[in-house]
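Visitor: I would like to learn how to read a few features of a model. Can we go through them one by one?

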Amino acid sequence: MSASRFDVAGISVSPDHFIDGRRVASSDTFECVSPIDQTLLGHIASGNLAHVDAAVTSAAQAFPEWAALGAAARQPYLQRFADAIGRRAEAFATLESHDAGVLRSRMAHGVVPRAMQNITWFAEHALTLQDRVIETPQARHLVRHDPAGVVAIITPWNSPLMLATWKIGPALASGNTVVLKAPEWAPLTSSLLADCAEEAGLPPGVFNLLQGSGAVTGAALVSDSRLARISFTGSVATAKWIAKTAATNLVPCSLELGGKSAFIVLADADLEAAAATAALMYRNAGQVCLAGTRLLVHADVAPRFTEMLRTLVESLVVGDPREAATEVGPIIHPRQLERVEGFVERAVAGGARVLWGGKRHAFGAQYFAPTLLTDLRQRDEIVQQEVFGPVLTLQTFKSDDEVVDMANGTDYGLGGVCYGDESHAIAVAQRVRTGFIWVNSFGIRDLAAPFGGIKRSGVGREGGEWSFEFFCDVKDVVVPKQPFKASFSHR
């Protein structure tokens, strides 16, 4: 029996899974609590083995017909899906702000429009995946992108809507069926996505939603041998377990993981612009995998840069993310807050100096003050490990070779930022070992471009043709140019 919907700030939310085109309740539930003020938002259905089996079974049964439609016939469904998201733009912005503590203003003006584009852009791009012809003297090769099958999508709590649609878009557009596992700490906008899928008229089983813990629901999902692909964004530790489990069934994985990205400020940088961009690293309370959290600043300009940044940070508004003026909101969960606090305490005990912040913020129970630490060594834990909170580190350098070594001196390789004279900055950026790096900018992302990291920051690329390469099986149909004569002769 399905549980009744509940209300969050006037928005009706279903607590149930979405399987085979209908809502499915569970006798087990977990609490959904707002990080803003610890208000209980609702009790969410927690998936068990039976729910996972039902979702994957439904997706597997729906796959042949959905795949056979072709990209052109799938596009209207996905356009309606995007339109349904757009009609709920205010609801998505409000709900994710309550649920994940993200800035409502950023949701309304950036994330929701991007979520719609994540669906429509890939639906349109799928139309280009016709037979590609490779001509050789012997044959014509018709290279096809065939849908792979049932795709498991597992998303994190720091940007649930954007990251879910970023994966759902190409997966559905290329003809796969989807089982989405919602993040336990921020599940509500995933539930609203299921409402949008239903409104768009997606056939039952094409889109399924599971909710619950990673240890139970997530583990059962990635262990299912019927999966054709697993797309995961989250922690390195979880990714290792997923990869090991998927390997038993030879299921390909796309793993977008954490970062410890360098923010390089060269001596010839526009310091005012660099400082303004560095202040953006505190956005979303620093809970952004691609943030440049390691400030590597040329020794000649470090004092001026630091004071410019200090002035900007002192003006940051820490507060309720639902308010338009707020620039820094809460940490998602008490456990994550304790983790952030522990990193800072251990760094200080090891000799680091706090330039500002370094402690919980007075605004609320789950807030941590924007923090900058210095007097650090390259081997220090806080330089090497992802904190995922509003904590930056500052180190200085004297040469390009030195800063490149520092930038490359961690096990991560997701993103980076480099400020300086353009040609100089490009030359340095090209030497940094990372999946991408912004020059004199930050956060520019285009759906046609590749996104992903190296080393412990992930496996594979998402975006544009790279998403379709992952979500599809590439097949070569070989047509000979001359009559073919079978022969065992090697002459």
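Visitor: Where does Ser46 lie?

Guide: First, the ground rules. This is a predicted model, where local features need pLDDT of at least 70, side-chain atom pairs count only at pLDDT 80 or more, and totals for chains, interfaces and linings use all residues. Residues are numbered from 1 along each chain as its sequence is written, and side-chain values use heavy atoms, with hydrogens and water left out. Helices (H or I, at least four residues) and strands (E, at least two) are DSSP runs, numbered from the N terminus. Ser46 sits in the loop between strand E6 (40-45) and helix H1 (49-69).

Visitor: Is Ser46 buried or exposed?

Guide: Buried means under 20% relative accessible area, exposed over 50%, partly exposed in between (1.4 Å probe, protein chains only). Ser46 has 16% relative accessibility, so Ser46 counts as buried.

Visitor: Which residues is Ser46 in contact with, leaving aside neighbours within four places in sequence?

Guide: Contact means heavy atoms within 4.5 Å. Ser46 touches His17, Ser26, Asp28, Thr29, Phe30, His51, Gln211, Gly212 and Ser213.

Visitor: How many disulfides are there?

Guide: A disulfide is a covalent bond between the sulfur atoms of two cysteines. The rule here is a pair of cysteine sulfur atoms within 2.5 Å. The count is zero. For Cys32, the nearest cysteine sulfur, that of Cys196, is 17 Å away. Cys32 is buried, at 1% relative accessibility.
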